[in-house]
Amino acid sequence: MMASSDVDTREGTLFSDQNPSEMDALCPSPPGPTRPQRLYERIGGREGTSFCQTLIHLLKGNIGTGLLGLPLAVKNAGLVLGPISLLCIGVIAIHCMTVLVKCSHYLSIKVNRASLTYGEAMQYGMENVSWLRRHSQWGKVTVNVFLIITQLGFCCVYFVFLSDNIKQVVEAANTTSFNCHMNYTNQTQVLVPSFDSRLYMLCFLPAVVLLVFVPDLKYLAPLSLVANILMTASLVLIYFYSLTNISYPIDLPKVGRLKDYPLFFGTAIFAFEGIGVVLPLENKMNRPQSFIPVLYLGMGIVTFLYITLGTIGYLCFGDTIGGSITLNLPNCWTYQGVKLLYCFGIFITFALQFYVPAEILIPPVLARVSVRWERPVDMLLRTVLVLFTCALAILIPELDLVISLVGSVSSSFLALIFPPILQIITFHTEGLSPLVTIKNAAISLIGLIGFITGTYIAIEKIIERNGLKSTEAFSSFMVQ
């Protein structure tokens with residue numbers, strides 16, 4: 001065993017002061033003075049990330065599987081109500097990101113820190129309130145717990161996404177042609193049934209485990225760049241196909257069923273939950289005071305993409321739209337290639353999303369083992385975390401419902417509930433106007449209602465679908 005002094009130098013806590021993000025590995029923080037000294041500007045601007053670099057990272061952090069699920073979200077809300085609701089949620093989400101950045105600026109100056117994580121901002125904000133000061137550590141712990149839930153939830157979604165899309169490509173491989181005309185159902189024809197999608201998840205498991213064994217994400221940076229290019233090209237082709245295959249006249253419901261609206265909320269807030277990368281990106285800019293314009297421009301582009309793809313995808317595929325728009329693409333090599341390229345991008349992105357919970361949960365355990373056992377224990381814990389996410393995906397192999405559940409359970413807190421509360425406790429001594437307080441309370445209430453209703457409906461639908469599948473499997477067995 002290690003000497004006690006060695007342990008002390010490596011000792012950590014589960015939620016240490018410097019919580020990581022995937023940006024920490026791909027984009028290390030530049031050296032420089034503390035934030036109060038530099039007045040939000042790094043000495044030697046070349047050390048940090050530029051305006052354009054930060055914009056690219058922001059777009060990358062917000063565009064993923066959530067975007068592909070938005071056509072179904074629009075279906076759940078309705079052709080008119082869906083886009084309007086997406087715009088409203090987008091405006092609120094961007095506002096909450098701005099609030100988080102401003103609170104971080106204020107608190108970092110107050111505590112003389114160069115930068116703060118989301119959890120630290122909540123902790124120092126609670127210290128502003130006398131009766132919360134004793135429990136301020138719980139603010140950071142709570143935020144970090146939801147960050148872990150969210151990131152592991154993303155990993156579960158990736159398992160389901162990969163299995164559904166690869167399964168569809170394999171089953172249609174024998175009849176895939178170069179003819180990309182829309183078929184009768186506006187959907188890829190499944191002609192050679194293969195094994196269950198959950199078995200595909202198990203097939204991916206060894207590759208994912210090996211992927212997360214990569215010791216430093218900087219080694220994945222070239223692959224990440226390639227993945228981003230491939231995903232961008234895939235999105236262009238998806239837009240092209242959807243735009244050129246809208247059928248007229250359009251006869252789709254303008255407003256969806258009330259019971260389905262919480263599912264829309266969960267999917268939408270899942271897509272907009274990029275708040276976890278906001279502070280890491282702002283902290284790494286060479287001119288952090290320019291981050292708010294980057295945020296507005298980047299999230300404006302993201303919101304535009306969300307609304308347009310959600311609406312166009314629903315117009316193109318109508319009631320047959322799947323949990324991901326890729327599942328509706330025609331059975332031709334071009335669009336089967338789109339699925340494979342997007343799957344590759346999502347596979348690489350798995351390591352980036354996995355980085356956050358792994359770097360929060362694993363170091364405290366490693367601090368308690370001897371040096372020679374560090375690597376084996378690290379690999380074991382990473383394997384266990386991947387097995388955990390895969391097991392959850394196997395238990396709920398429904399892409400649309402997993403997205404909605406993750407969005408409702410965790411993303412609603414991080415994106416909508418916590419930032420307004422943080423603004424209230426941070427600036428309560430500065431004389432917040434009653435209108436600001438009411439606005440913050442309203443946003444948090446919207447997030448809370450979305451959390452309760454979205455979680456309930458998603459779980460109810462999951463139970464309902466599993467019941468139907470069990471009944472169908474039993475009936476098939478009896479027939480045989």
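Helices (H or I, at least four residues) are DSSP runs, numbered from the N terminus. The model is predicted: local features need pLDDT of at least 70, side-chain atom pairs count only at pLDDT 80 or more, and totals for chains, interfaces and linings use all residues. Residues are numbered from 1 along each chain as its sequence is written, and side-chain values use heavy atoms, without hydrogens and water.

View 1. K167 and E171 form a salt bridge (a side-chain nitrogen of Lys or Arg within 4 Å of a carboxyl oxygen of Asp or Glu), with closest N and O atoms 2.6 Å apart. The two residues lie 4 residues apart in helix α9 (residues 136-171), so about one helical turn separates them. Both K167 and E171 are buried (under 20% relative accessible area; exposed is over 50%, partly exposed in between; 1.4 Å probe, protein chains only).

**View 2. The R113 and E120 pair.** A salt bridge links R113 to E120, the closest N and O atoms being 3.2 Å apart. R113 is buried at 18% relative accessibility. E120 is buried too, at 1%.

**View 3. The D196 and R198 pair.** The closest N and O atoms of this salt bridge are 2.9 Å apart. D196 is partly exposed, with a relative accessible area of 34%. R198 is partly exposed at 32%. Elsewhere, salt bridges with shared partners join E359, R375, D378 and R382 into one network.

**View 4. T267 in helix α12.** T267 sits in helix α12 (residues 261-271). Its relative accessibility is 6%, so T267 counts as buried. Beyond neighbours within four places in sequence, T267 contacts (heavy atoms within 4.5 Å) G69, L70, A73, D400, I403 and S404.
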